[in-house]
Amino acid sequence: MKFRTGLMLGATFLAGLAVASHPGALPGAGMLASPAMAEKAPDASPTSNHAETYRLLTLFGTVLDLVRADYVEPVSDKDLITNALNGMLTGLDPHSSYMTEKQYADMMVQMKGEFGGLGLELQQQDGHIRVVSPVDGTPGFRAGIKPGDYIIAVDGHPVDGTPLDEAVKKMRGKPNTKITLTLVREKTPKPIILTLTRENIHIEVIKSALYDRIGYIRIAQFNEETEKGLLKAYNQLKQQAGGKLAGLVLDLRNDPGGLLNQAIDVSSSFIRSGEIVSTRARHPKDSQRWDAHGTDITDGLPIVVLINGGSASASEIVSGALQDHHRAVLLGTKSFGKGSVQSIMPIPGNGAIRLTTARYYTPSGRSIQGLGITPDIAVKETREDPGFSLHEADLEHILKNQGGNQTKAVPRTDLPAIAKDIAGEPPANWPEFDYTKPATDFQLQQGLRVVRSMAGLPAPDPSASLPAAKPPAGKDTDKDKADKDAKAHH
């Protein structure tokens, strides 16, 4: 089997579109195995029994006939087979699934960075539709929808218990049309009802700002544009700093992942040599290892990486590589814990399947599957107990953590002295966290403190607010601010 480019995202959907990876070719992938074919299949389990396989296929046909004949309403064979395929794959692990032709086409558009919808990353848990994170700058983001919110109704129609792809279809529609979502939020006594306007959304995967001489780069997702956008943003920051950039904060919070090759390229932008990540598949010949490209775009500047429970898969690959190489200090809360690789296998004329084909391992040989990455400096976003959280370990049918280095990680001894002075949560009088106001972002504030210390810069006045970020050259600061404020209150 040819190993295909994998996607680090899990079984999530972006408001109307399936999240999946760049496709690879698999000749013959569209064939449904018959008993004769199963006999020749090279990957058949050594315990497979051909008579038993035939019996089970007969059972499937019997159930199909019964449902077709006696279900309370007529059901098409296409729907029945599609449901069966989804059941077969989703029963394996939370990240394998079947995509119809439409879902596959939507996925391909999304991975190029543009799609229509609301900009909400969604996941189904116990029959409920949960928001993993809103995409920066989208209708969902501007409406104030938060990670952890549950969508219980669309345009007044309940979606609890509805399959995720069906709920997503209800959120699709032409740009500039209205849609009403009903949300349930932890510690909010009444449902929240929001009316949004659908848009053609371009995913702005890279955002940057300059705080004094410290650069800030946020990666929202790993799609085909990520590495190119990272290099452009870093060069702009160097120019803004007059060639005197002193350090970098890399923000991977609520980054659900993306393409494996992009995670490798981003990691290689900061690590000169050594392993970035390795994958181990069912068959040893399909296992691979990727090493750094020999360049560090920062030429050794200190780096702090921000992570949280929404940092998954590709963002965990980058975090794990930078942490294992002691190239960056990780600050925030434990990451999601998705340590598997999904390959997209097109089935010509019938969509594609997303199939878990390998586990990945950080340079030290550890698997973060179900465990996540523990930050070097633990800092909570707010003082409030979130009440609940969702990590890979909370999902059903997850892969076991196996095959990697199981020894307990040795605590780092190279952390800057300021690490022991960083508070684990905001003080009682800290302002409410607002994504649009960096001065309220406690994790970012602490990350800036750490990287300034690593760079040998004087600590900022603790009584002063965070300095305003300098926009990229050529931007109209006042106009941008006015536009942003207008969108925030739209």
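# Why these words? A guided tour

Guide: The protein chain has eleven helices and 22 strands. The model is predicted, so local features need pLDDT of at least 70, side-chain atom pairs count only at pLDDT 80 or more, and totals for chains, interfaces and linings use all residues. Residues are numbered from 1 along each chain as its sequence is written, and side-chain values use heavy atoms, with hydrogens and water left out.

Visitor: What makes a run of residues a helix or a strand here?

Guide: Both are DSSP runs, numbered from the N terminus. A helix is H or I, with at least four residues, and a strand is E, with at least two. Helix 9, for instance, covers residues 314-324.

Visitor: Why is leucine 331 called buried?

Guide: Buried means under 20% relative accessible area, exposed over 50%, and partly exposed in between, with a 1.4 Å probe and protein chains only. Leucine 331 has a relative accessible area of 1%, so it is buried. The residue sits in strand 19 (residues 329-332). Of the 490 residues of the protein chain, 47% count as buried.

Visitor: What makes a group of residues a nonpolar core?

Guide: A nonpolar core is a set of buried Ala, Val, Leu, Ile, Met, Phe, Trp, Tyr and Cys residues joined through side-chain atoms within 4.5 Å. The largest has 43 residues. Ile217, Ile219, Leu250, Phe270, Val305, Val318 and Leu322 touch the most other members. Helix 9 gives the largest share of this core, five residues. A second, separate core of 21 residues includes Tyr216, Ala246, Val329 and Val450.

Visitor: Which residues does leucine 250 touch?

Guide: Residues up to four places away in sequence are left out. Leucine 250 then touches Ile217, Ile219, Phe270, Val304, Val305, Leu306, Val318 and Leu322.

Visitor: Why are helix 8 and helix 9 called roughly parallel?

Guide: Axes are lines fitted to C-alpha atoms, for helices over the stretch in contact, and angles run from 0 to 180 degrees between N-to-C directions. Angles under 35 degrees count as roughly parallel, over 145 as roughly antiparallel, 65 to 115 as roughly perpendicular and the rest as oblique. The axes of helix 8 (residues 260-268) and helix 9 cross at roughly 25 degrees and come within 9 Å. Helix 8 and helix 9 are therefore roughly parallel.

Visitor: What is the make-up of that contact by class?

Guide: Leu260, Ala263, Val266 and Ser267 in helix 8 meet Ala314, Ile317, Val318 and Ala321 in helix 9. Ala, Val, Leu, Ile, Met, Phe, Trp, Tyr, Cys and Pro count as nonpolar, Asp, Glu, Lys and Arg as charged, and the others, Gly among them, as polar. The contact of helix 8 with helix 9 has seven nonpolar, one polar and no charged residues.

Visitor: Why is helix 2 called oblique to helix 3?

Guide: Helix 2 (residues 50-70) and helix 3 (residues 77-90) pack at an angle of about 135 degrees, with their axes 11 Å apart. That angle makes helix 2 oblique to helix 3. Phe60, Leu64, Val67 and Arg68 in helix 2 meet Asp77, Leu80, Ile81 and Ala84 in helix 3. These residues divide into six nonpolar, no polar and two charged.

Visitor: Why is asparagine 176 called exposed?

Guide: Asparagine 176 has a relative accessible area of 65%, so it is exposed. It is found in the loop between helix 6 (164-171) and strand 10 (178-184). Most residues other than glycine have a negative phi.

Visitor: What makes histidine 397 partly exposed?

Guide: Its relative accessibility is 46%, so histidine 397 counts as partly exposed. Histidine 397 lies in the loop between strand 22 (377-378) and helix 10 (442-454). Its phi is positive too, about 60 degrees.

Methods: Contact means heavy atoms within 4.5 Å.
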